Amino acid sequence: LNLAPLPVRLGLRRTSPSPASPTLPTLQSPSLSVQPLASQTSPTIHGNKAGPRTRTPDVNNASPSPSPINWTSTSSIARPASLGRVHRLAPETPSPHKTESPCSTTAPAARSSTASLNGTLGSVGGPVTPATPSLSEASLFEIYKYHCSKNMIKPNSGLLKVLPKTTGQYISEINMDYNYIGIKGIQPLLEILKINRHLRVLNLKDNNLENNEIKALVQVLMNTEDSTLTTLDLSNNPVSLAGGSALMELIQKKRSITECRLDGTLIQPKILEKIQDITRTNRAMQQSQTC
């Protein structure tokens, strides 16, 4: 037997060299420069021949060419050079012959106001205010209409019929029951009561008068020198404690009042009883004086 030697294979491992870490190339900022544009040429025509013509740039109107900027350094950037000549506009001076614009906002001079019997006319477009009548020359009719216009209310037609239109004449009885004159309507009436004399009867029944209106009425009646009022009717008005207390003070001061009607009001019964007691006392005093 021929025994041939077997080839021996060695387990050798092929080792590949470890890849080397790549090296990054060093980047450098490029150096940029901006060059001014060259002068443009345009063809010129001489007869039938065309030739080059050099266009001269306008120094005043041409945009200034920026200076080159150095980009080599990232920490500092060069600022451009001067941008050229700066043109400043001179302030406009008004012309002496300049005409005024029709849309001028200057307000025209106010016209002089003229007075009339019915009122005073203000400037153009202004409100018309009634003229104040002289108390010594105006009648009760005129004074009442004036205060109605001042308070922007319609005059009471029933009261206008009985108010005298002659200066120096007065009215002895005012009956305005069921007229509902209200808060504003009583204001012109109070002005009449301040001037009127020899008033004996005042009837304001069912006129929607509250405490403030009653207190204003009491204040006017207490300040008048006339002491002829005998009858006061304030029935069916929403008057409560404040108005009742004011009426009680009025009757105590004006001893001529012998009758005060307060039916249908909100005054407490105790106040009503005191008012009735005072009116009875006043009535007895008046009877004793007549005897």
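Reader: Where does N236 lie?

Author: N236 lies in the loop between β8 (231-233) and α5, where helices (H or I, at least four residues) and strands (E, at least two) are DSSP runs numbered from the N terminus. The model is predicted, so local features need pLDDT of at least 70 and side-chain atom pairs count only at pLDDT 80 or more, while totals for chains, interfaces and linings use all residues. Residues are numbered from 1 along each chain as its sequence is written, and side-chain values use heavy atoms, with hydrogens and water left out.

Reader: Why does N236 count as partly exposed?

Author: Buried means under 20% relative accessible area, exposed means over 50%, and partly exposed is in between (1.4 Å probe, protein chains only). Because N236 has 35% relative accessibility, it counts as partly exposed.

Reader: What makes the pairing of N236 with D206 a polar contact?

Author: A polar contact is a pair of N or O atoms within 3.5 Å; within protein, one must be able to donate a hydrogen and the other to accept it, and residues adjacent in sequence count only if both atoms are side-chain atoms. The side chains of N236 and D206 meet this at 3.0 Å. D206 is also one of the residues in contact with N236 (heavy atoms within 4.5 Å) when neighbours within four places in sequence are left aside, and the others are K205, D263, G264 and T265.

Reader: What does the side chain of T279 reach, and why is T279 called buried or exposed?

Author: T279 also lies in helix α6, and its side chain reaches the backbone oxygen of Q276 at 2.7 Å. T279 is called buried because its relative accessible area is 1%.

Reader: How do you know that K165 lies over the face of F141?

Author: A charge sits over a ring if NZ of Lys or CZ of Arg is within 6 Å of the ring centre and within 35 degrees of the ring normal. K165 lies over the face of F141, at 4.7 Å from the ring centre.

Reader: What makes the reach of helix α4 close to the expected one?

Author: The expected span is 1.5 Å times one less than the number of residues. Helix α4 (residues 211-223) has 13 residues and reaches 18 Å from its first C-alpha to its last, close to the 18 Å expected.
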